[in-house]
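Hello,

Here is the structure I promised to pass on to you. Have a look at it first, and then read my notes on the spaces inside it and on the ligand.

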Amino acid sequence: MAGSARRPQGVVTRGTTNPNRLRRVDNWIVDACGDALRTAEDPLVVDLGYGATPVTAVELRARLAAAVRADVRVVGLEIDPVRVAAAQPAADPPWLAFARGGFELAGLRPALVRAFNVLRQYDEGEVAGAWATMTGALAPGGRLVEGTCDELGRLGAWVLLDADGPRSLTLAAKLATLEGPAQFAERLPKALIHRNVPGEPVHALLTALGAAWRSAAPFAPYGPRQRWLRTVTAVREAGWPVLDRPADWRHGRLTLPWDAVAPR
Ligand SMILES: C[S@@+](CC[C@H](N)C(=O)[O-])C[C@H]1O[C@@H](n2cnc3c(N)ncnc32)[C@H](O)[C@@H]1O
């Protein structure tokens, strides 16, 4: 149960957060994980590392309740007890609660975990262990969404994992402000951010996206959405195993199987 005597696993890091910062990943969670949450025996969701204010946990509960199921319960877990205390006025039991916890998830068995902008401040070598600890605590069939975004949430990237490990990588951008796919480099999840170097698959992906984006420049007058659609179509035609559909691309997203981008 939340608040168990076990020592929370992890360390306190910077608490930067912002209203609406995580809407892009939340919308993707609704689309990609909504069915799993709808059929989950216990619709419990953990927001791990919500930061200095609980605003993104409040938003996650509201979005999932509106779009997936009204009885979803969100528990925001923070390793910093000061932030746990500060979040209590936003609690709305039993739908939204805040407790102290780390990668072990405080003894909870959630159907879904969102851990955003948490691992970014850890060493790359700590990622595999953190992933294993979190996925090991999931309910059967549960999922973990772990990723990174910029401060306003215009640019993000995340990994979907289940008990068997990482399944996919998603890149997502607000297309109106996207200058080019190279911008994703600084927002890659911790497992990939140091792998954007020649010889690594994620470097090849960003290089292919950059070339396709430049070739799609004639589409720019039709708007960034048309240019992005053309870009994704081109990398798919070049052999990248794109998982999602044009409807997703229109939202500025691109999802690939983890195997296609995993570090060598
Ligand atoms: C940059 S904030 C992210 C806030 C919010 N998730 C967002 O994306 O806007 C990172 C937070 O994660 C917390 N944190 C770091 N490691 C953690 C762990 N192992 N378990 C729980 N919280 C952790 C930090 O204390 C910090 O408040």
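**The cavity, the pockets and the ligand**

Strand S6 gives the most to the lining of the largest cavity, with three residues (strands are DSSP runs of E of at least two residues, helices runs of H or I of at least four, both numbered from the N terminus). Before going on, please note that this is a predicted model, in which local features need pLDDT of at least 70 and side-chain atom pairs count only at pLDDT 80 or more, while totals for chains, interfaces and linings use all residues. Residues are numbered from 1 along each chain as its sequence is written, and side-chain values use heavy atoms, with hydrogens and water left out.

A cavity here is a set of points, on a 1 Å grid over the protein atoms alone, where a 1.4 Å probe fits but cannot get out; a pocket is an open set with protein on both sides within 12 Å along at least five of seven lines, and lining residues have an atom within 4 Å of a point. The largest cavity has a volume of about 40 Å³ (the space filled by probe spheres set on the points, which are joined across faces, edges and corners). Among the residues lining this cavity are Arg21, Phe116, Cys149 and Trp158.

The largest pocket holds about 430 Å³ of space. It is lined by 34 residues, and those closest to its centre are Arg14, Phe116, Asn117, Val118 and Gln121. Strands S1 (44–48), S2 (73–78) and S4 (112–116) each give two or more residues to this lining.

Where is the ligand? The ligand sits in the largest pocket, meaning that more than half of its atoms lie within 2 Å of the pocket's grid points. Around the ligand are 26 residues (each with a heavy atom within 4 Å of it), and the closest are Thr17, Gly49, Glu78, Arg83 and Tyr122.

Which polar contacts (pairs of N or O atoms within 3.5 Å) are there with the ligand? A polar side-chain atom of Arg83 is 2.7 Å from an oxygen atom of the ligand. A ligand nitrogen atom lies 2.6 Å from an N or O atom in the side chain of Tyr122, and a ligand nitrogen atom lies 2.9 Å from a polar backbone atom of Phe116. The protein covers 99% of the 600 Å² of accessible area that the ligand has on its own (Shrake-Rupley method, 1.4 Å probe).

Best wishes

Definitions and conventions: Polar contact = N/O pair within 3.5 Å; in protein donor to acceptor, adjacent residues only side chain to side chain.
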